[in-house]
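Welcome, and take a moment to look over the sequence and the 3D view. The report below walks through them step by step.

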Amino acid sequence: MSNKDIENKLREVYPEHFSEKPKEKEAPKVLPPLEGAEMGKVVTRLPPEPNGYPHIGHGMSFYFNYYYAKKYDGKVILRFDDTNPKKEKLEYYDAIKQDLKWLKITWDEERNMSDDMQLYYRYALDLINMGKAYVCNCDSEYVSKLRYDSKDCPCVSNSVQDNLSLWKEMETADEGKYSLRLKGDMASKNTVMRDPTMMRVVDHPHPIQGDKYRIWPVYDFACAIEDSVLGVTHVLRSNEFALRIELQDYIRGLLNLRNPKIIEYSRFTVKGAPTSKRLIRPLIEEHVVSGWDDPRLVTIRGLKRRGITPEAIHMVAEEIGLSKSEPEIDWSLIESLNRKVIDSTSDRYYFVSDPKSLEVIDASYQTIQLKRHPDFDRGFRDVHITDKFFISGNDFVGITKDQILRLKDLFNIFIIDTDTNSIKAMHTDEKTSKDELSKIKKIQWVSDKNVKVSVIIPGTLYEGENINPNSLTTINGYGEEGIANLKVDDIVQFERFGFVRVDKIDPSGVTVILSHK
RNA sequence: GCUCCGGUGGUGUAGACCGGCCAAUCAUUCGAGCUUCUCGAGCUUGAGACCUGGGUUCAAAUCCCAGCCGGAGCACCA
């Protein structure tokens, strides 16, 4: 009995097992429901520090917080975590907002932590009065050692009165002399609980507040308060903050503030690309990359310049989810998702790299119309034809005398003669039957009405631990005349070449960046 | 060193809380075919994984223990 016979037999006996199930188109991947979320009551926050340009990791975090707020018809707050005057710069507040807008992430409310200094002072004073915080004048190295050894410093035993007057003194004291520390638990296994600093003196003007304040809260204190007073219900953030939940909840407990629900995930990386400001900054300083918008970088600006769309970044976030393992994704995932986004909306153009000339001796001068997109109705583009053409070096290789080829969407040619850099051909019979057409080799071409095009090709910046010296290459060629009318930021496809984003247009030619195949 | 958190095909994820329907999902990648006047897209189809060792159980990717590997934190940064 053959397998087919067995199957037929089984069909007779158990027809129900063979009933054709309608193939359902799989639903797009969605993020899981948010724990404890109530419709209309979710409040999340986007908490950037204005000290640099955001990268794709921030993008993920922004998206998660944005996504859940929208999903539950809630509210997103953009909150600049700007409590370190030495690091923040005014230009970044705006740069971050621009990047968010480009990412198509909107917010309902905008705040700066530095707007709430009076609030931090009030709560700090409360802690002092409760006997839960003390002013410490030990130097930081000594404190660090004591914390390591789980030992108290002598300042713990200051009276409330002492602390109040020292707190007053802090206002004019030199930086580093005093700090306000929380009375935590020196024996805690969680080292952040060992009497952490809440407020410290920073002798540096703040980009927004100027010289108005000298005593600044540290992150844990400001964040613990803000997340509560702003009404944040859910905090989605990466796991480097994991140990701080206990501390922030403890602070809120003392201050009688409500705790938000905290959900953590690992930070993710893109293979071969540095994903932190710490790594990117030196590359810029050493001119390994041209700037924060270098297309090899996974900064939001770099991705934009490479022609990666915000929608693709959203899709990456949904694909990765709020994972606790340490994802290292490949560029191919970003590229593939991006292709799904741009394929249907990218006009097609002809481009030949490493151009070789082709003369078709009997070609007639004419204007033809080519479809902007093969599968969707996006209209036509005009192309002017003479008897002079260029084809790409890739296609040139292997062309021989007497061969018949087709200039794609134009006509068939018969090769009369080939030289090292040029070809002479003549128009040959059109065999336009489906069958004929599918067999003949089709190549890209541009007429002698063309525009110079440089294509910048970004590669991976790192190969293992080492910087790849050839990560950025440029190839030159000719593109059809219509390319000169494109606008910067347009994304189009060069047929049989890849998707590109227009980076620069000037009289001498057009520069594009290759997004991906 | 100490403390937390992880480990499912090459990559990313679902499943784990509540053990059986998991001979393990989806995407990416790679292969084959169809289709297409692109090397793009679309359609069909194939390849490839439960960190290791013990234990509990009729039954373990899932629960327990030990180990190994990876990440994070241990700032008067955020």
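How many bridges join strand β8 to strand β9, and do the two run parallel or antiparallel? Five bridges join β8 (residues 234-238) to β9 (residues 261-265), and the two strands run parallel. Within this pair, R237 has E264 of β9 as its bridge partner. To get from β8 to β9, the chain passes through helix α8 (residues 244-255), and this β-α-β crossover is right-handed. Please keep in mind that this is a predicted model.

The loop between α8 and β9 holds N256. Phi of N256 is positive, near 65 degrees, although the residue is not a glycine. N256 counts as exposed because it has 8 C-beta neighbours inside 10 Å, where 12 or fewer is the limit for that label.

**The chain as a whole**

Now step back to see all of chain A. Its secondary structure comes to 14 helices and 29 strands. The radius of gyration is 32 Å, well over the 24 Å that the globule rule gives for 517 residues, so chain A is more spread out than a compact globule. Along the principal axes, its C-alpha atoms fill a box of roughly 100 × 75 × 40 Å. Of the 517 residues, 35% count as buried. Among contacts between residues at least 6 apart in sequence, 70% join residues at least 24 apart.

**Two open sheets**

Strands of a sheet pair through backbone hydrogen bonds, in either a parallel or an antiparallel way. One open sheet here has seven strands in the order β21-β18-β19-β20-β14-β17-β22, with mixed pairing. Its edges are β21 (442-443) and β22 (446-447); each has a single partner strand, so one side of each is left without a neighbour in the sheet. Inside this order, β14 and β20 run parallel, and L358 stands opposite I423 in β20.

The partner strand β26 pairs with β13 in the antiparallel sense, and S353 has G477 of β26 as its bridge partner.

Between β13 and β14 lies a loop that contains D354. D354 is not a glycine, yet its phi is positive, about 45 degrees. With 16 other C-beta atoms within 10 Å, D354 is partly exposed.

Strand β4 has its own pairing, with β5, and these two run antiparallel. In β5, L182 is the bridge partner of A133. In a regular strand, side chains alternate between the two faces of the sheet. Both faces of β4 (residues 133-136) are covered: A133 and V135 on one side and Y134 and C136 on the other are all buried.

| Strand pair | Direction | Bridges |
|---|---|---|
| β8 (234-238) and β9 (261-265) | parallel | five |
| β14 (356-360) and β20 (422-427) | parallel | four |
| β4 (133-136) and β5 (179-182) | antiparallel | four |

**The surface near the RNA**

RNA strand B is surrounded by 58 residues, and the closest are D81, T191, S323, S325 and R496. By type, the residues of this surface divide into 13 nonpolar, 19 polar and 26 charged. Several elements each supply at least two residues, including α5 (140-148), β6 (197-201) and α14 (434-439). Which helix gives the most to this surface? That is α12, with five residues.

Helix α11 (310-320) also supplies at least two residues of the surface near RNA strand B. Its buried residues are P310, A312, I313, H314, M315, V316 and A317, and they pack against α2 (56-71), α3 (90-102), α10 (300-306) and α12. After α11 comes G321, with a positive phi near 70 degrees.

One last stop is G40, in the loop between α1 (3-13) and β1 (43-46). G40 counts as exposed, with 9 C-beta neighbours inside 10 Å. Leaving aside residues up to four places away in sequence, G40 touches Y72, D73 and G74. The C-alpha atoms of G40 and K71 are separated by 9.1 Å, while the two residues are 31 apart along the chain.

How values were computed: Residues are numbered from 1 along each chain as its sequence is written. Chains are lettered from A and ligands numbered from 1 in the order in which they are written. This is a predicted model: local features need pLDDT of at least 70, side-chain atom pairs count only at pLDDT 80 or more; totals for chains, interfaces and linings use all residues. The radius of gyration is taken over C-alpha atoms; the globule rule is 2.2 Å times the number of residues to the power 0.38. A residue is buried if 20 or more other C-beta atoms lie within 10 Å of its own, exposed if 12 or fewer, and partly exposed in between; C-beta atoms are placed from the backbone. Two residues are in contact if their C-beta atoms, placed from the backbone, lie within 7 Å. Two strands pair if DSSP finds at least two bridges between them. A residue is near a molecule or strand if its C-beta atom, placed from the backbone, lies within 6 Å of it. Ala, Val, Leu, Ile, Met, Phe, Trp, Tyr, Cys and Pro count as nonpolar, Asp, Glu, Lys and Arg as charged, and the others, Gly among them, as polar. A crossover is right-handed if, with the strands pointing away from the viewer, the path from the first strand over the helix to the second runs clockwise.
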